[in-house]
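Please open the model in your viewer and keep the sequence panel beside it, so that each selection can be followed in both places.

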Amino acid sequence: MRKLAMIVPLVIAFSACASTKPPNDKLTQVEASIQQAEQVGAENYAPLEIREARKKLDKARELVSREKYGKAKRTADRAMVDAELAQMKSLSEKAQKAVRELRESIRVLQEEIQNNLEKAERQS
């Protein structure tokens, strides 16, 4: 019974690691995720993350060519995480930039209003 308890987790672990077909769908998803990140400006806002995603995608493709499908899938999963992080970081940076620009516009408008009020008081 004790041996069975030790063997079952090992069998499950090996079966999870051993994949018999290439993770082509996963690679396609990672490519799409990288493209989405690029479209929202990942090159400017998250260059490290998008570079890591591309590097891991290339590694996953190499592993597929060597028929190491399980490892390729795990590498593709990591690439997906990096691509999604790049996308989220880019969107966040863009939103923060828009907030800063909006605050600056409000500050300029407030100065103009104050100047006009002071000008009107001097004329009256």
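Contact here means heavy atoms within 4.5 Å. Keep in mind throughout that this is a predicted model.

In helix 2, show Leu27, Val30, Glu31, Ile34, Ala37 and Glu38, and across from them in helix 4 you will find the residues they meet, namely Ile50, Ala53, Arg54, Leu57, Ala60, Arg61 and Val64. Sorted by class, this contact of helix 2 with helix 4 holds nine nonpolar and four charged residues, with no polar ones.

How do the axes of helix 2 and helix 4 cross? They come within 11 Å and cross at roughly 160 degrees, and because angles over 145 degrees count as roughly antiparallel, helix 2 is described as roughly antiparallel to helix 4. The crossing of these two helices, helix 2 and helix 4, is left-handed.

The axes of helix 2 and helix 5 lie 8 Å apart, and the two helices pack at an angle of about 20 degrees; since angles under 35 degrees count as roughly parallel, helix 2 and helix 5 are roughly parallel to each other. Their crossing, that of helix 2 and helix 5, is left-handed.

To see where they touch, select Lys26, Leu27, Gln29, Val30, Ser33, Ile34, Gln36 and Ala37 in helix 2, which meet Ala76, Asp77, Ala79, Met80, Ala83, Glu84, Ala86 and Gln87 in helix 5. The residues of this contact of helix 2 with helix 5 divide into nine nonpolar, four polar and three charged.

In soluble globular proteins, nonpolar side chains tend to be buried together.

Centre the view on Leu27, which, apart from residues up to four places away in sequence, touches Leu57, Ala60, Arg61, Val64 and Ala76.

Finish at Glu49, which is found in helix 4. Is Glu49 buried or exposed? Because buried means under 20% relative accessible area, Glu49 counts as buried at 15% relative accessibility. Leaving aside neighbours within four places in sequence, Glu49 is in contact with Asp82, Leu85, Ala86 and Lys89.

Terms used: Residues numbered from 1 in each chain as written. Predicted model: local features only at pLDDT ≥ 70, side-chain atom pairs only at ≥ 80, totals over all residues. Heavy atoms only, no water. Helix = DSSP H or I, 4+ residues; strand = E, 2+ residues; numbered from the N terminus. Buried < 20%, exposed > 50% of the residue type's maximum accessible area, 1.4 Å probe, protein only. Axes fitted to C-alpha atoms, helices over the stretch in contact; angles between N-to-C directions. Parallel < 35°, antiparallel > 145°, perpendicular 65-115°, else oblique. Left-handed = near helix turned anticlockwise from the far one by under 90°. Nonpolar A, V, L, I, M, F, W, Y, C, P; charged D, E, K, R; others polar.
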